[in-house]
Amino acid sequence: MDQQLKAALDFSNYQQTFSIQKKVLKERITAKLTYGFNGGLFRIDRNLLTFVDMLCAKGRTSGVVLLDVNENPILVDDLEAFREELFQRYFEVTNEYFDQYQKIKKSRSVEKLISQ
Amino acid sequence: MTRGILIYAHNNRTVDYALMAIISGGLAKKNLQVPVSLITDISTVEWMKESNIFNHATDIFEHIITVDRPATANQRHLNDGQTGQMVPFINTNRNTACDLTPYDRTLLIDSDFFVLSNSLGEYWDIDIDVMLGDAINDIYNDSRTGYLDRHVSDTGVKMYWATTVMFSKNSNAKLFFDTVNYIKENYSQFADVFRFDPRQFRNDIAFSIAKHILDGYRQTDIGSLPPVLSALDKDILHGVNGNTLTFLVDYKFTNSYCAAAISDIDVHIMNKQSVIRHKQALLELI
């Protein structure tokens, strides 16, 4: 019984650390998906990527005004270059997220979790 | 347009804020690639010389600006994990930042805020004159923070965190800092109106109320800096391994700890003594 209890407590402790590591990783990724541009601030997410890609597909590629996270209008002179930057950052960061998340998921002890 | 970081440090007999500012400033300079300046007082400078850290200070800080040490009766209970003590808290002159900063755009940070990433670099060009840390973001989760960590009082306004403040040196920012000063000088009266405890001056409260007033007595979405990821003072900085900081997190406030590790993300470490214990390893990160 004592051993079972110890195993349960160890697992509980592991779960606490696991959830902190997941939270901190998510915060880090959110920070990296924040993009300051021309006086505005953009959150690089699926909405922004799709909207910008759609505008480019419609041929609206220069002198485009986008609303940033604070709902301020921000002029984007070259929307295709802006799209390139967004996509590059998005894939860089989400790939990092995937790699780091896999490492956390595969770490089966507190020691391994905090050494990632 | 010049950009830079500003840190205030006034030592007391218990906490070596100058050393904390050197570590914090060094990390900020390294990760944000901008100059850092220190606002301090003569006795703190003398202490830096006496304790042989002044050469670090001159390496890291572009300017060391000495001002009169603010007179304050502020006392604060600082925990160091399971133990704690009352210490004087000399922090009542942040309102001078706009006048004293040598930079056009300034990131003002607390000496216990450690910049381990370049994410605040995205905010330099944001077209907003004054931005404050949006909220506290507990390293564990929301269960350890309460209403009074998010509001200035039970019936008061939203609490921003003055741990991080970014501002432009212009008339709007000057007005903001003058308002902070006015609130500081009339703290008891504002405590009556906004229903907070006036016994200890808190920058977070003065800054939050100044923002509330200047935003037109309402909560707005004008824009702010990211929530401040914080390890509370019951938590313990346990180790520094490469760029990774490991913590013991007192997740239920019952002295039951779990482990956590962070890297490549900015963090506010409220347990100052545990930072001091790791000064050598932290200085090596710079």
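In helix H6 of chain B, the residues Ala173(B), Phe176(B), Phe177(B), Thr179(B), Val180(B) and Ile183(B) are buried. They lie on the same side of H6(B), because they cover an arc of only 150° around the axis. The model is predicted.

**Helix H6(B)**

- H6 of chain B runs over residues 171-185, which makes 15 residues.
- From its first C-alpha to its last, H6(B) reaches 21 Å, close to the 21 Å expected at 1.5 Å a residue.
- Ser171(B) and Glu185(B), on the other side of H6(B), are exposed.
- At the N-terminal end, Asn170(B) caps H6(B), with a side-chain oxygen 3.2 Å from the backbone nitrogen of Asn172(B).

**What covers H6(B)**

**Strand S11(B)**

- In a regular strand the side chains alternate between the two faces of the sheet.
- In S11 (residues 228-231) of chain B, Val228(B) and Ser230(B) point one way, while Leu229(B) and Ala231(B) point the other way.
- All four of these residues are buried.

**Neighbours of S11(B)**

- Strand S9 (residues 136-138) of chain B runs parallel to S11(B) and is joined to it by three bridges.
- Within this pairing, Asp138(B) has Ser230(B) as its bridge partner.
- S11(B) also pairs in the parallel sense with strand S15 (residues 267-269) of chain B, over two bridges.
- Here Ala231(B) stands opposite Ile269(B) of S15(B).

Note on methods. Residues numbered from 1 in each chain as written. Chains lettered and ligands numbered in written order. Predicted model: local features only at pLDDT ≥ 70, side-chain atom pairs only at ≥ 80, totals over all residues. Heavy atoms only, no water. Helix = DSSP H or I, 4+ residues; strand = E, 2+ residues; numbered from the N terminus. Expected span 1.5 Å × (residues − 1). Buried < 20%, exposed > 50% of the residue type's maximum accessible area, 1.4 Å probe, protein only. Arc of directions from axis to C-beta. Polar contact = N/O pair within 3.5 Å; in protein donor to acceptor, adjacent residues only side chain to side chain. Pairing = 2+ DSSP bridges.
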